[in-house]
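Dear colleague,

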Amino acid sequence: MSSTSVTAGKYSIKSILESFGIGIALLLLIVFFSVTTEHFLSSNNITNILSQVTINLILAIGMTFVILIGGIDLSVGSVMAFAAVVAGKAISIEGMGPAELIILACVAGLAAGFLCGLLNGVITAYWALPSFIVTLGMLNIARGAGLHISDARTIYSFPFEFEEFGSKLFYGVPIVFLVALSLVFVAWVVLTRTVFGRILYGIGNNEEAVRLAGHRVFRYKVAAFTICGLMAGIAAIVYMARLNISSPIAGIGFELNAIAGVIIGGTSLNGGRGSIIGTLLGVFIIGVLANGLILLGLSDFMRQMITGVVIIVAVILDHYRAKYAS
């Protein structure tokens, strides 16, 4: 094969679209809304977009681990609300200083998310049940538990330092977004530079082959769901810090945003293919689209319809990617 043909294949339109299609789509969206709206590129609006995508991004990081092994987690929104209620109860304890309360709330919220994810993973992997059904059950369990613990009431009034964490900016960039970005980097390292990450991809491609190679698939599946639950716990802490409340009805529909971000970002619903960078770009596409449509003056109903169309198109493209790959 000549060097010319190799170069032509490497830089063909198809390979460029496969490698950079999501980034190009995001860039086109930014250009479109910059031209058609007046304030899209203002510093305040960019800060708003970064704040708005933060929670979806954290949830989507965990969802990427689960979808890569061929599963799905429908409970992350409810688990986030449950973890927020648990953390809200902890931070409302009297007789402790602000620092102790914040640490206690973070530990309680993360533990709640971790345990829900662990339970999802153990039940799904041990009995080889469809994750769709198991996490649908967890969706109701976590939501009901949050409503029961809080008596269906919103918890207010957290320490000032906690609220400051959620609203503070670093050169115009929300601190909470930088936290989410650091989680993206950690997830990227785990998925691309560790044996654990490669085995997750392997399970999504051919679970039986991974098992025959001597790896304990059960443990890796449980770990993927546990990471997803832990991310829901982190999202709960960020949610509380941003809004200074803890509500048992928080996070409704967030699981769909997380799944949409992962799928639009190029991770296959069948597992085994995708990247955390794609998830980052996919979440931004949803965030930019939602923000831009608001600036264009479209109604909430129209925004939901357009976002739904984008998700369906992403799934269709994923179908053809999988078809050509096979």
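**Findings**

Of the 326 residues of the chain, 46% count as buried (under 20% relative accessible area, 1.4 Å probe, protein chains only). This is a predicted model, in which local features need pLDDT of at least 70 and side-chain atom pairs count only at pLDDT 80 or more, while totals for chains, interfaces and linings use all residues. Residues are numbered from 1 along each chain as its sequence is written, and side-chain values use heavy atoms, with hydrogens and water left out.

The chain has 13 helices and two strands (DSSP runs of H or I, at least four residues, and of E, at least two, numbered from the N terminus).

Helix α3 (residues 43–68) packs against helix α10 (residues 217–243) at an angle of about 170°, the axes lying 7 Å apart (lines fitted to C-alpha atoms over the stretch in contact; angles run from 0 to 180 degrees between N-to-C directions). The two helices are therefore roughly antiparallel (over 145 degrees).

The largest nonpolar core has 85 residues (buried Ala, Val, Leu, Ile, Met, Phe, Trp, Tyr and Cys joined through side-chain atoms within 4.5 Å). Helix α10 gives the most to this core, with 15 residues. Among those with the most contacts inside the core are I58, L59, I61 and Y239. Beyond its neighbours within four places in sequence, I58 is in contact with A180, L183, M231, I234, A235 and V238 (heavy atoms within 4.5 Å).

Notes. Angles under 35 degrees count as roughly parallel, over 145 as roughly antiparallel, 65 to 115 as roughly perpendicular and the rest as oblique. Buried means under 20% relative accessible area, exposed over 50%, partly exposed in between (1.4 Å probe, protein chains only).
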